[in-house]
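This briefing describes the architecture of one protein chain. Please consult the sequence and the structure as they are displayed here.

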Amino acid sequence: MKRLRRRRRLLIAAMLAVLLLPAGGILLFLNMHPLFLKQDVIEQELQGSFDPAENIRYVFGGNPEQVRTEGDVDLSKPGDYTIKYLYKHYSRKVTVQVRDTVPPELEVHPYTTDLAEEITVDKFVEKVSDASEVSVDFQDPEEWNEAKEYKVCIKAIDSEGNKTVKETTLTRIKDETGPVISGTDEIEVLQGGWVDFLAGVTVSDDMDPNPSLDMDDTKADLNTPGVCYVVYTAKDRSGNVTEVERKVTVKENEEMNEKTVYLTFDDGPSLNTGKILDILREYNVRATFFVTGNNREHDDMIKRAYDEGHSIGLHTYTHDYSEVYASKEAYFSDLQKISDLVESITGEKSRLIRFPGGSSNTVSAKYTPGIMTELTREVLEKGYQYFDWNCDSTDAEGNNVPAEKIVKNAVSADSKHINILMHDTDAKNTTVEALPKIIEYYREQGYSFKALTTESFAPHHHVNN
Ligand SMILES: [Zn+2]
(Lines give C-alpha, C1' and ligand atoms only; values in the text may rest on other atoms or scores of the structure.)
Protein backbone atom coordinates (compact mmCIF):
# COMPACT_ATOMS: atom_id res chain seq x y z
CA MET A 1 0.00 0.00 0.00
CA LYS A 2 2.68 2.35 1.03
CA ARG A 3 4.49 1.88 -2.19
CA LEU A 4 1.40 2.44 -4.20
CA ARG A 5 0.71 5.77 -2.51
CA ARG A 6 4.19 6.92 -3.11
CA ARG A 7 3.90 6.12 -6.75
CA ARG A 8 0.70 8.04 -6.98
CA ARG A 9 2.33 11.01 -5.41
CA LEU A 10 5.16 10.87 -7.91
CA LEU A 11 2.67 10.64 -10.71
CA ILE A 12 0.78 13.68 -9.47
CA ALA A 13 4.01 15.59 -9.12
CA ALA A 14 5.03 14.66 -12.62
CA MET A 15 1.63 15.68 -13.98
CA LEU A 16 1.82 18.97 -12.15
CA ALA A 17 5.29 19.57 -13.49
CA VAL A 18 4.17 18.92 -17.03
CA LEU A 19 1.25 21.30 -16.60
CA LEU A 20 3.10 24.06 -14.76
CA LEU A 21 6.38 24.32 -16.69
CA PRO A 22 4.91 25.94 -19.82
CA ALA A 23 2.83 28.20 -17.64
CA GLY A 24 6.04 29.31 -15.87
CA GLY A 25 7.61 29.84 -19.24
CA ILE A 26 4.68 31.98 -20.30
CA LEU A 27 4.88 33.95 -17.06
CA LEU A 28 8.61 34.43 -17.56
CA PHE A 29 8.01 35.54 -21.10
CA LEU A 30 5.47 38.10 -20.07
CA ASN A 31 7.95 39.69 -17.60
CA MET A 32 10.90 39.74 -20.02
CA HIS A 33 12.68 43.11 -20.92
CA PRO A 34 12.07 43.55 -24.64
CA LEU A 35 15.06 45.89 -25.22
CA PHE A 36 18.33 44.15 -25.98
CA LEU A 37 21.48 46.34 -26.14
CA LYS A 38 24.93 45.44 -27.36
CA GLN A 39 26.89 47.02 -24.47
CA ASP A 40 26.12 48.49 -21.07
CA VAL A 41 29.43 50.35 -21.11
CA ILE A 42 30.46 51.98 -24.38
CA GLU A 43 33.99 53.18 -25.01
CA GLN A 44 33.85 56.23 -27.23
CA GLU A 45 36.78 58.09 -28.83
CA LEU A 46 37.01 61.81 -28.05
CA GLN A 47 35.82 64.01 -30.92
CA GLY A 48 34.49 60.92 -32.70
CA SER A 49 30.95 60.35 -33.90
CA PHE A 50 28.45 58.58 -31.72
CA ASP A 51 25.00 57.23 -32.57
CA PRO A 52 23.12 55.68 -29.61
CA ALA A 53 20.92 53.69 -32.04
CA GLU A 54 23.88 51.60 -33.04
CA ASN A 55 23.95 50.12 -29.56
CA ILE A 56 20.50 48.51 -29.95
CA ARG A 57 20.75 44.78 -30.70
CA TYR A 58 17.02 44.19 -31.14
CA VAL A 59 13.68 45.08 -29.73
CA PHE A 60 11.47 42.15 -28.87
CA GLY A 61 8.08 42.71 -30.36
CA GLY A 62 9.03 46.12 -31.78
CA ASN A 63 11.76 47.84 -33.78
CA PRO A 64 14.71 50.17 -32.95
CA GLU A 65 12.94 53.24 -34.35
CA GLN A 66 10.51 53.05 -31.45
CA VAL A 67 13.33 53.46 -28.92
CA ARG A 68 13.97 56.93 -27.55
CA THR A 69 17.11 58.02 -25.72
CA GLU A 70 17.66 60.54 -22.97
CA GLY A 71 20.89 62.17 -21.85
CA ASP A 72 23.73 63.95 -23.66
CA VAL A 73 27.23 62.87 -24.48
CA ASP A 74 29.79 65.68 -24.88
CA LEU A 75 32.20 64.26 -27.39
CA SER A 76 34.55 67.19 -26.95
CA LYS A 77 35.20 66.47 -23.27
CA PRO A 78 36.58 63.26 -21.78
CA GLY A 79 34.29 61.81 -19.08
CA ASP A 80 31.59 59.28 -18.21
CA TYR A 81 28.13 60.05 -19.52
CA THR A 82 24.86 58.23 -18.84
CA ILE A 83 22.24 57.77 -21.48
CA LYS A 84 18.87 56.14 -21.06
CA TYR A 85 17.13 54.00 -23.68
CA LEU A 86 13.34 54.15 -23.42
CA TYR A 87 10.88 51.77 -25.05
CA LYS A 88 7.24 51.79 -23.97
CA HIS A 89 7.53 51.70 -20.19
CA TYR A 90 10.88 49.94 -20.28
CA SER A 91 14.22 51.67 -19.85
CA ARG A 92 17.89 50.79 -19.76
CA LYS A 93 20.88 52.86 -18.65
CA VAL A 94 24.19 52.81 -20.45
CA THR A 95 27.48 54.46 -19.52
CA VAL A 96 29.39 56.11 -22.35
CA GLN A 97 33.08 56.58 -21.55
CA VAL A 98 34.46 59.33 -23.72
CA ARG A 99 38.23 58.84 -23.89
CA ASP A 100 41.18 60.02 -25.94
CA THR A 101 43.20 56.96 -26.82
CA VAL A 102 44.74 58.20 -30.05
CA PRO A 103 48.25 59.67 -29.75
CA PRO A 104 48.81 63.16 -31.19
CA GLU A 105 49.69 63.69 -34.81
CA LEU A 106 53.12 65.27 -35.04
CA GLU A 107 55.21 66.44 -37.97
CA VAL A 108 58.69 67.87 -37.47
CA HIS A 109 61.41 69.28 -39.67
CA PRO A 110 65.14 69.91 -39.32
CA TYR A 111 66.32 73.31 -38.11
CA THR A 112 69.52 75.19 -38.78
CA THR A 113 70.68 78.18 -36.77
CA ASP A 114 73.67 79.97 -35.30
CA LEU A 115 75.12 79.38 -31.86
CA ALA A 116 73.45 82.41 -30.34
CA GLU A 117 69.81 81.58 -30.75
CA GLU A 118 67.93 79.96 -27.92
CA ILE A 119 66.56 76.65 -29.11
CA THR A 120 62.87 76.20 -28.52
CA VAL A 121 60.76 73.27 -29.60
CA ASP A 122 58.46 75.30 -31.84
CA LYS A 123 61.39 75.77 -34.27
CA PHE A 124 61.04 72.09 -35.26
CA VAL A 125 57.30 71.59 -35.28
CA GLU A 126 55.65 71.58 -38.66
CA LYS A 127 52.27 70.46 -37.44
CA VAL A 128 50.77 69.04 -34.28
CA SER A 129 47.19 68.07 -33.61
CA ASP A 130 45.14 65.94 -31.28
CA ALA A 131 41.56 65.50 -30.11
CA SER A 132 42.52 66.87 -26.69
CA GLU A 133 45.07 69.38 -25.44
CA VAL A 134 48.57 68.52 -26.48
CA SER A 135 51.94 69.73 -25.27
CA VAL A 136 55.13 69.48 -27.26
CA ASP A 137 58.58 69.34 -25.78
CA PHE A 138 62.03 67.92 -26.24
CA GLN A 139 62.45 64.29 -25.25
CA ASP A 140 65.95 65.00 -23.88
CA PRO A 141 66.70 68.72 -23.76
CA GLU A 142 70.38 69.61 -24.09
CA GLU A 143 72.54 72.70 -24.42
CA TRP A 144 73.29 72.04 -28.10
CA ASN A 145 75.98 74.70 -27.94
CA GLU A 146 78.54 73.28 -30.31
CA ALA A 147 78.79 73.86 -34.02
CA LYS A 148 77.59 70.48 -35.29
CA GLU A 149 74.55 68.43 -36.17
CA TYR A 150 72.44 67.02 -33.36
CA LYS A 151 69.70 64.41 -33.34
CA VAL A 152 66.69 65.90 -31.59
CA CYS A 153 63.65 63.98 -30.40
CA ILE A 154 60.40 65.87 -30.13
CA LYS A 155 57.56 64.46 -28.08
CA ALA A 156 53.91 65.38 -28.17
CA ILE A 157 51.75 64.29 -25.25
CA ASP A 158 48.02 64.78 -25.08
CA SER A 159 46.07 65.40 -21.90
CA GLU A 160 45.28 61.66 -21.60
CA GLY A 161 48.97 60.80 -21.70
CA ASN A 162 49.09 59.44 -25.25
CA LYS A 163 52.49 60.17 -26.69
CA THR A 164 54.10 60.52 -30.11
CA VAL A 165 57.85 60.93 -30.55
CA LYS A 166 59.51 62.10 -33.77
CA GLU A 167 63.16 62.52 -34.53
CA THR A 168 64.78 65.31 -36.52
CA THR A 169 68.04 67.25 -36.63
CA LEU A 170 69.37 70.51 -35.28
CA THR A 171 72.32 72.01 -37.12
CA ARG A 172 74.27 74.59 -35.18
CA ILE A 173 76.67 76.65 -37.23
CA LYS A 174 79.12 79.32 -36.25
CA ASP A 175 77.88 82.59 -37.80
CA GLU A 176 80.86 84.60 -38.95
CA THR A 177 79.21 86.99 -41.39
CA GLY A 178 77.92 90.37 -40.36
CA PRO A 179 74.53 91.83 -41.27
CA VAL A 180 73.95 93.55 -44.60
CA ILE A 181 73.06 97.25 -44.51
CA SER A 182 71.26 98.67 -47.53
CA GLY A 183 69.79 102.00 -48.54
CA THR A 184 72.96 103.94 -47.77
CA ASP A 185 73.64 105.30 -51.25
CA GLU A 186 75.39 108.64 -51.63
CA ILE A 187 73.18 111.57 -50.91
CA GLU A 188 73.16 115.29 -51.73
CA VAL A 189 71.87 117.87 -49.26
CA LEU A 190 71.46 121.59 -49.59
CA GLN A 191 73.60 123.44 -47.07
CA GLY A 192 71.60 124.09 -43.91
CA GLY A 193 69.06 121.43 -44.85
CA TRP A 194 67.97 118.42 -42.97
CA VAL A 195 67.81 114.71 -43.84
CA ASP A 196 66.38 111.75 -41.98
CA PHE A 197 69.41 109.52 -42.37
CA LEU A 198 67.52 106.47 -41.15
CA ALA A 199 64.76 106.73 -43.74
CA GLY A 200 64.99 103.90 -46.25
CA VAL A 201 67.94 102.24 -44.52
CA THR A 202 67.42 98.56 -43.77
CA VAL A 203 69.49 95.83 -42.19
CA SER A 204 69.26 92.08 -42.66
CA ASP A 205 71.21 89.04 -41.56
CA ASP A 206 71.44 85.43 -42.71
CA MET A 207 70.84 84.12 -39.19
CA ASP A 208 69.55 86.85 -36.91
CA PRO A 209 66.08 88.08 -37.89
CA ASN A 210 66.54 91.27 -35.83
CA PRO A 211 70.07 92.62 -36.09
CA SER A 212 70.64 96.01 -34.44
CA LEU A 213 71.32 99.18 -36.42
CA ASP A 214 72.97 102.35 -35.15
CA MET A 215 73.46 105.59 -37.03
CA ASP A 216 76.01 108.23 -36.17
CA ASP A 217 75.57 111.59 -37.91
CA THR A 218 77.64 113.65 -35.50
CA LYS A 219 80.35 114.03 -38.17
CA ALA A 220 77.85 115.16 -40.80
CA ASP A 221 77.94 118.95 -40.78
CA LEU A 222 75.14 119.99 -43.08
CA ASN A 223 75.86 123.68 -42.57
CA THR A 224 79.21 123.53 -44.33
CA PRO A 225 79.50 122.79 -48.05
CA GLY A 226 81.67 119.79 -48.88
CA VAL A 227 81.70 116.06 -48.29
CA CYS A 228 80.99 114.41 -44.98
CA TYR A 229 80.03 110.93 -43.80
CA VAL A 230 77.30 109.29 -41.78
CA VAL A 231 78.30 106.00 -40.19
CA TYR A 232 75.95 103.03 -39.84
CA THR A 233 76.81 100.12 -37.58
CA ALA A 234 74.87 96.87 -37.59
CA LYS A 235 75.39 93.93 -35.29
CA ASP A 236 73.88 90.43 -35.28
CA ARG A 237 73.24 88.32 -32.20
CA SER A 238 76.45 86.38 -32.76
CA GLY A 239 78.38 89.62 -32.40
CA ASN A 240 79.34 90.10 -36.06
CA VAL A 241 79.56 93.80 -36.87
CA THR A 242 79.14 95.58 -40.20
CA GLU A 243 80.04 99.24 -40.61
CA VAL A 244 79.06 101.35 -43.58
CA GLU A 245 80.06 104.94 -44.31
CA ARG A 246 77.55 106.93 -46.29
CA LYS A 247 78.87 109.78 -48.35
CA VAL A 248 76.97 113.04 -47.93
CA THR A 249 77.64 115.92 -50.29
CA VAL A 250 76.55 119.25 -48.87
CA LYS A 251 75.78 121.62 -51.71
CA GLU A 252 76.36 125.31 -51.28
CA ASN A 253 73.31 127.36 -50.41
CA GLU A 254 73.74 130.93 -51.67
CA GLU A 255 71.81 132.44 -48.79
CA MET A 256 74.05 130.59 -46.37
CA ASN A 257 77.11 132.39 -47.59
CA GLU A 258 75.80 135.86 -47.04
CA LYS A 259 76.10 137.49 -43.69
CA THR A 260 72.50 137.46 -42.57
CA VAL A 261 70.55 138.52 -39.55
CA TYR A 262 67.16 136.99 -38.85
CA LEU A 263 65.23 139.22 -36.49
CA THR A 264 62.58 137.12 -34.77
CA PHE A 265 59.72 138.32 -32.57
CA ASP A 266 57.88 135.82 -30.34
CA ASP A 267 54.52 135.97 -28.58
CA GLY A 268 52.83 138.61 -30.75
CA PRO A 269 50.79 140.15 -32.10
CA SER A 270 50.47 142.93 -29.53
CA LEU A 271 50.01 146.67 -29.09
CA ASN A 272 53.66 146.99 -30.15
CA THR A 273 53.47 145.05 -33.43
CA GLY A 274 52.50 148.17 -35.40
CA LYS A 275 55.47 150.11 -34.04
CA ILE A 276 57.84 147.25 -34.85
CA LEU A 277 56.45 147.04 -38.39
CA ASP A 278 56.87 150.79 -38.82
CA ILE A 279 60.56 150.55 -37.90
CA LEU A 280 61.12 147.54 -40.16
CA ARG A 281 59.48 149.45 -43.01
CA GLU A 282 61.54 152.52 -42.33
CA TYR A 283 64.77 150.47 -42.56
CA ASN A 284 63.41 148.26 -45.34
CA VAL A 285 64.17 145.18 -43.29
CA ARG A 286 62.39 141.79 -43.28
CA ALA A 287 61.84 139.85 -40.07
CA THR A 288 59.88 136.91 -38.70
CA PHE A 289 56.98 136.86 -36.23
CA PHE A 290 56.34 133.65 -34.28
CA VAL A 291 52.76 134.30 -33.28
CA THR A 292 50.26 132.96 -30.77
CA GLY A 293 46.47 132.80 -30.59
CA ASN A 294 46.33 134.82 -27.40
CA ASN A 295 45.82 138.27 -28.86
CA ARG A 296 43.07 137.83 -31.35
CA GLU A 297 42.18 141.53 -31.23
CA HIS A 298 45.47 142.17 -33.04
CA ASP A 299 45.00 139.56 -35.76
CA ASP A 300 45.10 142.41 -38.30
CA MET A 301 48.75 142.92 -37.36
CA ILE A 302 49.53 139.38 -38.51
CA LYS A 303 47.94 140.29 -41.83
CA ARG A 304 49.91 143.53 -42.08
CA ALA A 305 53.22 141.81 -41.25
CA TYR A 306 52.54 139.16 -43.88
CA ASP A 307 51.55 141.72 -46.49
CA GLU A 308 54.73 143.71 -45.81
CA GLY A 309 56.91 140.73 -46.64
CA HIS A 310 57.68 139.37 -43.20
CA SER A 311 57.44 135.66 -42.37
CA ILE A 312 54.76 134.42 -40.04
CA GLY A 313 55.91 131.47 -37.92
CA LEU A 314 53.99 129.22 -35.57
CA HIS A 315 54.83 129.67 -31.89
CA THR A 316 51.86 128.24 -30.02
CA TYR A 317 48.12 128.86 -29.80
CA THR A 318 47.82 129.00 -26.00
CA HIS A 319 51.43 129.43 -24.80
CA ASP A 320 50.38 127.41 -21.76
CA TYR A 321 53.24 124.97 -21.16
CA SER A 322 51.14 122.57 -19.13
CA GLU A 323 48.73 122.32 -22.03
CA VAL A 324 51.16 122.41 -24.95
CA TYR A 325 53.53 119.83 -23.52
CA ALA A 326 50.88 117.64 -21.86
CA SER A 327 51.52 115.03 -24.55
CA LYS A 328 52.71 114.72 -28.12
CA GLU A 329 49.10 114.76 -29.29
CA ALA A 330 48.45 117.92 -27.24
CA TYR A 331 51.45 119.61 -28.85
CA PHE A 332 50.33 118.83 -32.37
CA SER A 333 46.77 119.82 -31.64
CA ASP A 334 47.96 123.22 -30.35
CA LEU A 335 50.24 123.57 -33.37
CA GLN A 336 47.35 122.80 -35.69
CA LYS A 337 45.25 125.50 -34.05
CA ILE A 338 47.82 128.25 -34.52
CA SER A 339 48.57 126.93 -38.00
CA ASP A 340 44.88 127.15 -38.95
CA LEU A 341 44.63 130.64 -37.50
CA VAL A 342 47.65 131.88 -39.46
CA GLU A 343 46.40 130.25 -42.65
CA SER A 344 42.98 131.86 -42.21
CA ILE A 345 44.63 135.29 -41.93
CA THR A 346 47.38 135.06 -44.55
CA GLY A 347 45.99 132.40 -46.86
CA GLU A 348 49.29 130.55 -46.60
CA LYS A 349 50.28 127.53 -44.51
CA SER A 350 53.32 128.29 -42.38
CA ARG A 351 56.03 125.62 -42.04
CA LEU A 352 58.12 127.60 -39.55
CA ILE A 353 58.04 126.67 -35.89
CA ARG A 354 59.48 128.06 -32.73
CA PHE A 355 58.86 125.81 -29.76
CA PRO A 356 57.62 127.59 -26.63
CA GLY A 357 60.77 127.79 -24.52
CA GLY A 358 62.89 126.65 -27.48
CA SER A 359 63.79 123.05 -28.27
CA SER A 360 66.23 123.06 -25.33
CA ASN A 361 63.55 123.82 -22.74
CA THR A 362 63.43 121.62 -19.67
CA VAL A 363 60.06 122.78 -18.37
CA SER A 364 58.34 120.31 -20.73
CA ALA A 365 59.94 117.44 -18.77
CA LYS A 366 57.62 118.34 -15.92
CA TYR A 367 54.66 117.37 -18.12
CA THR A 368 56.05 114.75 -20.52
CA PRO A 369 59.56 113.34 -20.11
CA GLY A 370 61.33 112.94 -23.44
CA ILE A 371 58.79 114.96 -25.42
CA MET A 372 61.29 117.39 -26.99
CA THR A 373 63.42 114.53 -28.31
CA GLU A 374 60.40 113.20 -30.15
CA LEU A 375 58.93 116.53 -31.24
CA THR A 376 62.16 117.90 -32.72
CA ARG A 377 62.37 114.83 -34.96
CA GLU A 378 58.70 114.60 -35.80
CA VAL A 379 58.13 118.21 -36.82
CA LEU A 380 60.97 117.85 -39.35
CA GLU A 381 59.49 114.62 -40.63
CA LYS A 382 56.18 116.41 -41.09
CA GLY A 383 57.85 119.01 -43.27
CA TYR A 384 58.25 121.85 -40.75
CA GLN A 385 61.50 123.52 -39.79
CA TYR A 386 62.00 124.69 -36.25
CA PHE A 387 64.16 127.62 -35.28
CA ASP A 388 65.89 128.21 -32.00
CA TRP A 389 68.22 131.21 -31.79
CA ASN A 390 71.92 131.84 -31.50
CA CYS A 391 71.54 135.31 -30.06
CA ASP A 392 69.28 136.24 -27.16
CA SER A 393 68.36 139.89 -26.81
CA THR A 394 67.37 139.00 -23.21
CA ASP A 395 64.27 141.18 -23.49
CA ALA A 396 62.33 138.36 -21.81
CA GLU A 397 64.27 138.67 -18.58
CA GLY A 398 61.69 141.10 -17.33
CA ASN A 399 59.50 143.96 -18.47
CA ASN A 400 61.28 147.12 -19.56
CA VAL A 401 64.75 145.66 -19.63
CA PRO A 402 66.74 148.81 -20.46
CA ALA A 403 67.02 149.34 -24.21
CA GLU A 404 70.80 149.71 -23.93
CA LYS A 405 71.04 146.26 -22.39
CA ILE A 406 68.88 144.74 -25.12
CA VAL A 407 71.02 146.36 -27.82
CA LYS A 408 74.22 145.20 -26.13
CA ASN A 409 73.07 141.60 -26.06
CA ALA A 410 71.51 141.66 -29.52
CA VAL A 411 74.74 142.84 -31.14
CA SER A 412 76.98 140.46 -29.21
CA ALA A 413 76.74 137.68 -31.80
CA ASP A 414 79.64 137.08 -34.10
CA SER A 415 78.75 134.62 -36.80
CA LYS A 416 77.72 134.55 -40.41
CA HIS A 417 74.08 133.79 -39.62
CA ILE A 418 72.49 135.36 -36.64
CA ASN A 419 69.04 134.52 -35.40
CA ILE A 420 68.07 137.03 -32.73
CA LEU A 421 65.38 136.22 -30.20
CA MET A 422 63.13 139.16 -29.32
CA HIS A 423 59.59 139.53 -28.06
CA ASP A 424 56.51 141.33 -29.28
CA THR A 425 54.16 141.96 -26.35
CA ASP A 426 52.26 144.91 -24.93
CA ALA A 427 54.89 145.38 -22.22
CA LYS A 428 58.03 145.17 -24.35
CA ASN A 429 58.40 148.87 -25.12
CA THR A 430 62.15 148.84 -24.69
CA THR A 431 62.47 146.17 -27.39
CA VAL A 432 60.85 148.60 -29.80
CA GLU A 433 63.23 151.28 -28.55
CA ALA A 434 66.27 149.04 -29.07
CA LEU A 435 65.33 147.80 -32.53
CA PRO A 436 66.69 150.69 -34.69
CA LYS A 437 70.08 150.54 -33.01
CA ILE A 438 70.30 146.77 -33.55
CA ILE A 439 69.47 147.14 -37.24
CA GLU A 440 71.94 150.00 -37.68
CA TYR A 441 74.72 148.04 -36.00
CA TYR A 442 74.39 144.95 -38.19
CA ARG A 443 73.87 146.97 -41.32
CA GLU A 444 77.18 148.71 -40.65
CA GLN A 445 78.79 145.30 -40.26
CA GLY A 446 77.60 144.32 -43.74
CA TYR A 447 74.74 142.05 -42.79
CA SER A 448 71.51 141.80 -44.69
CA PHE A 449 68.20 141.10 -42.99
CA LYS A 450 65.98 138.31 -44.11
CA ALA A 451 62.69 136.73 -43.21
CA LEU A 452 62.93 133.03 -42.43
CA THR A 453 61.98 130.27 -44.87
CA THR A 454 62.26 126.51 -44.37
CA GLU A 455 65.56 126.71 -46.29
CA SER A 456 67.08 129.31 -43.97
CA PHE A 457 69.88 128.74 -41.52
CA ALA A 458 68.20 127.02 -38.58
CA PRO A 459 70.01 127.09 -35.27
CA HIS A 460 69.01 124.02 -33.24
CA HIS A 461 69.73 123.91 -29.54
CA HIS A 462 70.82 120.82 -27.73
CA VAL A 463 67.68 118.96 -26.69
CA ASN A 464 67.50 118.44 -22.95
CA ASN A 465 64.26 116.54 -22.61
ZN1 LIG B 1 57.03 132.57 -26.23
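H2 and H3 are roughly parallel to each other, the class for angles under 35 degrees, as against over 145 for roughly antiparallel, 65 to 115 for roughly perpendicular and oblique for the rest. This is a predicted model, in which local features need pLDDT of at least 70 and side-chain atom pairs count only at pLDDT 80 or more, while totals for chains, interfaces and linings use all residues. Residues are numbered from 1 along each chain as its sequence is written.

**Overall form**

- The protein chain has eight helices and 26 strands, which are DSSP runs numbered from the N terminus (helices: H or I, at least four residues; strands: E, at least two).
- The radius of gyration of the protein chain is 46 Å, whereas a compact globule of 465 residues would have one near 23 Å (taken over C-alpha atoms; the globule rule is 2.2 Å times the number of residues to the power 0.38).
- Along the principal axes, the C-alpha atoms of the protein chain fill a box of roughly 170 × 60 × 35 Å.

**Packing of H2 and H3**

- Helix H2 (residues 273-283) packs against helix H3 (residues 299-307) at an angle of about 10 degrees, and their axes are 10 Å apart (axes are lines fitted to C-alpha atoms, for helices over the stretch in contact; angles run from 0 to 180 degrees between N-to-C directions).
- Thr273, Gly274 and Leu277 in H2 meet Met301, Arg304 and Ala305 in H3 (contact: C-beta atoms, placed from the backbone, within 7 Å).
- By class, this contact of H2 with H3 has three nonpolar, two polar and one charged residues (Ala, Val, Leu, Ile, Met, Phe, Trp, Tyr, Cys and Pro count as nonpolar, Asp, Glu, Lys and Arg as charged, and the others, Gly among them, as polar).

**The four-stranded sheet**

- Four strands in the order S8-S12-S11-S10 form an open sheet with mixed pairing (two strands pair if DSSP finds at least two bridges between them).
- Strand S8 (111-113) and strand S10 (134-138) are the edge strands, each pairing on one side only.
- From one strand to the next, the twist averages 25 degrees.

**Strand pairings**

- S8 pairs with strand S12 (residues 163-172) in the parallel sense over three bridges, and Thr113 has Arg172 in S12 as its bridge partner.
- S11 and S12 pair in the antiparallel sense over nine bridges, with Lys163 in S12 as the bridge partner of Ile157.
- The hairpin of S11 and S12 has four residues between the strands, and Gly161 takes a positive phi near 90 degrees there.
- S10 and strand S11 (residues 149-158) run antiparallel and are joined by five bridges; the bridge partner of Asp137 is Lys155 in S11.

Methods
Two residues are in contact if their C-beta atoms, placed from the backbone, lie within 7 Å.
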